[in-house]
Amino acid sequence: MVTRTREQASGLSHLLEAEGAEAIPIPVIEILPSSDYQRLDEAILRIPDYNWIIFTSIHGVKYFWERLRAKGKDARDLKGIRLAAIGPTTASELRGHGVEPDLVPAEFRAEAILEDMKGEDLEGKRILLPRAAQARDLLPKELGARGARVCVVEAYRTKKPKADFAGLQRSWTKGKSMW
């Protein structure tokens, strides 16, 4: 079973099928636009006030960029702001918008960002964190404990999709059991 979002599942499914596996897409998460962009839009209008922007997913980059453009801004408005990306895919998404991240930890977790920023003087620094409406609080709490002023804004939402077991059932009825 491939549990990624429908948009992300096809690439992994093709790789698995090329190796002889039967890939059955059963998404366990759905990515949706924010229900209210007011806080993100306000942060974008104050973008020069930030020292760092930390992107924790490609979805955060995608929706941040959509709102950046909607406010009449582009990559030039990020000049002087340091960018962090959790993971190579998120970094690649940033590069697709013409900016190079300053920090991409080797591990794709919030803890790795914190470890890599250990030597940074964060006292009084302003950090923008555009992310999912529901996410772990570890990153903003730890950055705040180090003296940073962290602005967490909803860039997108996640929801559990309705269970679609039709693909799984079709597989079983073809006489192919996953077990």
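**Reading strand pairs, a helix contact and cores**

Biologist: Which residue in β5 stands opposite Pro130?

Modeller: In this predicted model, Val153 of β5 is opposite Pro130.

Biologist: How many bridges join β4 to β5, and do the strands run parallel or antiparallel?

Modeller: β4 and β5 run parallel, with seven bridges between them.

Biologist: In which sense does β1 pair with β5?

Modeller: Strand β1, residues 30-33, pairs with β5 in the antiparallel sense, over four bridges. Pro33 has Tyr156 of β5 opposite.

Biologist: At what angle do the axes of α3 and α4 cross?

Modeller: Roughly 20 degrees, with the axes of α3 (residues 58-70) and α4 (residues 88-95) coming within 8 Å. Angles under 35 degrees count as roughly parallel, so α3 is roughly parallel to α4. On the α3 side the contact is made by Ile58, Val61, Lys62 and Trp65; on the α4 side, by Thr89, Thr90, Glu93 and Leu94. These contact residues divide into four nonpolar, two polar and two charged.

Biologist: Which residues touch the most other members of the largest nonpolar core?

Modeller: As a general idea, nonpolar side chains in soluble globular proteins tend to be buried together. Here the largest core has 27 residues, and Ile47, Ile53, Phe64, Trp65, Leu78 and Leu128 touch the most other members. Elements giving two or more residues include α2 (38-45), β2 (52-55) and β3 (82-85). Helix α3 provides the largest share, five residues. Apart from this core lies another, of 15 residues, among them Trp52, Ile54, Ala84 and Ile113.

Biologist: What does Leu128 touch beyond four places away in sequence?

Modeller: The partners of Leu128 are Ala43, Ile47, Tyr50, Trp52, Ile53, Ile54, Phe64, Cys151 and Val153.

Conventions. Residues numbered from 1 in each chain as written. Predicted model: local features only at pLDDT ≥ 70, side-chain atom pairs only at ≥ 80, totals over all residues. Heavy atoms only, no water. Axes fitted to C-alpha atoms, helices over the stretch in contact; angles between N-to-C directions. Parallel < 35°, antiparallel > 145°, perpendicular 65-115°, else oblique. Contact = heavy atoms within 4.5 Å. Nonpolar A, V, L, I, M, F, W, Y, C, P; charged D, E, K, R; others polar. Core = buried A, V, L, I, M, F, W, Y, C linked by side-chain atoms within 4.5 Å. Buried < 20%, exposed > 50% of the residue type's maximum accessible area, 1.4 Å probe, protein only. Pairing = 2+ DSSP bridges.
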